[in-house]
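Please view the sequence and the model below before reading on.

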There are 2 protein chains.
Amino acid sequence: MTGGKVLVAQGGGPTAVINQSLVGVVLEARRQRGVELVYGARHGVRGILNEDFVDLTQETSHNLELVAGTPSSALGSTRDKPDVAYCQEIFKVLQAHGISHFFYIGGNDSSDTVRIVSEQARAAGYPLRCVHIPKTIDNDLVGNDHTPGFPSAARFVAQAFSGANLDNAALPGVYVGVVMGRHAGFLTAASALGKKFADDGPHLIYLPERTFELPKFLADVKAMYTRHGRCVIAVSEGIHDASGQPIAAQLAKDLEHDAHGNVQLSGSGALADLLCEEIKGQLGIKRVRGDTFGYLQRSFIGCVSDVDAREAREVGEKAVQFAFQGGAAGGRDGSVAIQRTGTYSVDYALLPLEAVAGKTRTMEDAFISPCGTDVTDAFRLYLRPLLGSGMPDAFRLRPNAVAKVLRP
Amino acid sequence: MTGGKVLVAQGGGPTAVINQSLVGVVLEARRQRGVELVYGARHGVRGILNEDFVDLTQETSHNLELVAGTPSSALGSTRDKPDVAYCQEIFKVLQAHGISHFFYIGGNDSSDTVRIVSEQARAAGYPLRCVHIPKTIDNDLVGNDHTPGFPSAARFVAQAFSGANLDNAALPGVYVGVVMGRHAGFLTAASALGKKFADDGPHLIYLPERTFELPKFLADVKAMYTRHGRCVIAVSEGIHDASGQPIAAQLAKDLEHDAHGNVQLSGSGALADLLCEEIKGQLGIKRVRGDTFGYLQRSFIGCVSDVDAREAREVGEKAVQFAFQGGAAGGRDGSVAIQRTGTYSVDYALLPLEAVAGKTRTMEDAFISPCGTDVTDAFRLYLRPLLGSGMPDAFRLRPNAVAKVLRP
């Protein structure tokens, strides 16, 4: 299939490198024979509905490169999840503009959007090539070794815990850092990569892949505090009890749900504050501090993995190649996936949309310690190359204790 | 005065560059004729009380350089504020170890500690040279153009708001970011340096130098949200009502005070959550998110201003030079101060301890816009050189709107 008009859009939560994928699509599409125009829809599928298009054929390659290096979704994003009626409206617009190729950069929910649009296009007999381009800091897309955006967010979390550990060592106490991740603990687990010396924090890591029990949590904290005189804890916002009820949701009075039926876990410090109150109240520890990393971990400017940036560019580029060049790997709708081929190298595949859409990957058991509050070396080996070059490092004074004179 | 044994310690909240000052003291002291030993006290004045010393004369210069580049207090810190009895205990230890020079790196409260120790030493007839070395992310020491640690924390805050603005532009709503700063708004005001385009956030900045009134706040937010379709807000943790009562303190059920009589404002997300609730409830805006930057802003590893790192090293080095070389500027107890001599260059002075100790600088009126919710260009010119080189920059796609076909 060759086509005259390409449309690209960005959905879901922004990442530090999502514009690399956008620019990968635009530059590669502009190189394709027969491509007349490359449009961007502003604010995802909602922009299609509103015919809110930007002509990216008129953008300079220099400015595209600058935008590629800028975090968050340059076209704007949306949380809309199209139903059949929504998709019929989308088709009217696509048809009216003669769009032949639709590239949608997003996560779990966005891949499902692409699947629905693709199905609707087929059902309507409208010739539309739909390709989903992966993106999510949660790293929860199936069929992918990892997803663009995750490595940079993981780097932020690792650096944040490296610093928080140093701060906590200087002024000892208990520190709770709450990390994003509704169902998958990858980002919270990345906190372990901030650890250098054996007694460094995070000393405890709580993942949504394991049931959270408050009495067990308090016992763990007490044990670590007794051993180290301090305790640094990484907690996923998605921790839940045995019934699957999020701990955060048990606290929130007014639960806010988005269009996807997700409870709002981010943008509130409630979970960290509750856990701190429990530690203070139940364990009698005075200096207890909680931080919720919130939007900083996905939008902070100036903390990007170069490996992540490169791969995010490549998935955009590959999406266009799969769509236009056909062959065994392409020539059909699908979702671009990252596959690891060496230590460290990757290649890209085009998976059927049904294989990815709406499915959630969680952390493999091999990545979680049997104790349930730490990660394994397998996880460290998995994550380390993704964090990229130039990771800041922490050093200590060596112990050269001076003999006491007054109280030897 | 020349002396055989130098003691250095670090007090108060850690910063990203406080170890630069430590290493500045150690390397410069080790170069001084007649200096036999350089000790570090672990965890500030408490380490002196406990005779908990590290012999820094046995540390390699290579490892010292690595530690200098590591955030947080390598010797450990303390919140203790010595009274007379405490100081008498300190003297016993100093005398027993033959300490002749005491260098204490810290902020407001630490400078007061140095003043008390200095007075007690004089009163006790004990020959001790005491020099305070400035450090505080709050930038609230009088007599200083700015304080080491502030520029790196300011850089973090500026980068955080630059990213949060991009995130908020992609998924519009209201974003509240709460920044440290009990009495001085410098760090919160640094959020303005994350702004590039005219419609970028932060759209509103609330400083402790101005009275906070909830109805006015809500009216401001409503106006900005109406104008931009979104609103990014920077709020100091220290905002207070007309009576001086902190807004955060009005909410917290269990107020935690430290040894200095300070209410604990950090380590809790309560203020951000309350403001978000008010915006949701009173203005009926659905997407409202709050982040409390917490400890990330002072301990994040990998976000350092090179200007800050250089100056932090220099204040340590100068402290030793003032103490040992005497002359008109030195040969007495005092507090090292940074003074701006050009755009951009600095020099260092030794101020009397009484001129600095326990005093709090707040933002000059010339730095705050008449409206009270923005900073002036004078502030931008003041802060920009401190942030250092390599500040990440944000770029946008240029507007090349495509004509609508269905609803032209």
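In this predicted model, chain B and chain A bury about 7,000 Å² between them, and 55% of that area lies on carbon and sulfur atoms. Buried area is the accessible area, found with a 1.4 Å probe, that two parts lose on being put together, summed over both. The contact takes 90 residues from chain B and 90 residues from chain A, where contact means heavy atoms within 4.5 Å.

Because the model is predicted, local features need pLDDT of at least 70 and side-chain atom pairs count only at pLDDT 80 or more, whereas totals for chains, interfaces and linings use all residues. Residues are numbered from 1 along each chain as its sequence is written, chains are lettered from A and ligands numbered from 1 in the order in which they are written, and side-chain values use heavy atoms, with hydrogens and water left out.

**Salt bridges**

Side chains of opposite charge can pair when their charged atoms come close. A salt bridge is a side-chain nitrogen of Lys or Arg within 4 Å of a carboxyl oxygen of Asp or Glu. By this rule there are 42 salt bridges over all chains, and the count between chain B and chain A is six. The table gives two examples.

| Salt bridge | Closest N and O atoms |
|---|---|
| Arg407(A) with Glu51(B) | 4.0 Å |
| Asp333(A) with Arg129(A) | 2.8 Å |

The pair of Asp333(A) and Arg129(A) links distant parts of the chain, 204 residues apart. Asp333(A) is in the loop between helix 12 (306-325) and strand 10 (334-342) of chain A, and Arg129(A) is in strand 5 (residues 129-134) of chain A. Helices (H or I, at least four residues) and strands (E, at least two) are DSSP runs, numbered from the N terminus.

Arg407(A) lies in the segment after helix 14 (377-383) of chain A. Residues up to four places away in sequence not being counted, Arg407(A) touches Leu49(B), Asn50(B) and Glu51(B). The C-alpha atoms of Arg407(A) and Leu353(A) are separated by 72 Å, the two residues being 54 residues apart along the chain.

**Helix packing**

Two packed helices are described by the angle between their axes and the distance between the axes. Axes are lines fitted to C-alpha atoms, for helices over the stretch in contact, and angles run from 0 to 180 degrees between N-to-C directions.

In chain B, the axes of helix 1 (residues 18-31) and helix 12 (residues 306-325) come within 7 Å and cross at roughly 40°. Helix 1 of chain B is therefore oblique to helix 12 of chain B; angles under 35 degrees count as roughly parallel, over 145 as roughly antiparallel, 65 to 115 as roughly perpendicular and the rest as oblique. The residues of this contact include Val23(B) and Leu27(B) of helix 1 of chain B and Val315(B) and Val320(B) of helix 12 of chain B.

Which helices of chain B are roughly perpendicular to each other? They are helix 4 of chain B and helix 5 of chain B. The axes of helix 4 (residues 84-97) of chain B and helix 5 (residues 108-123) of chain B come within 10 Å and cross at roughly 65°. Among the residues making the contact are Phe91(B) of helix 4 of chain B and Ile116(B) of helix 5 of chain B.
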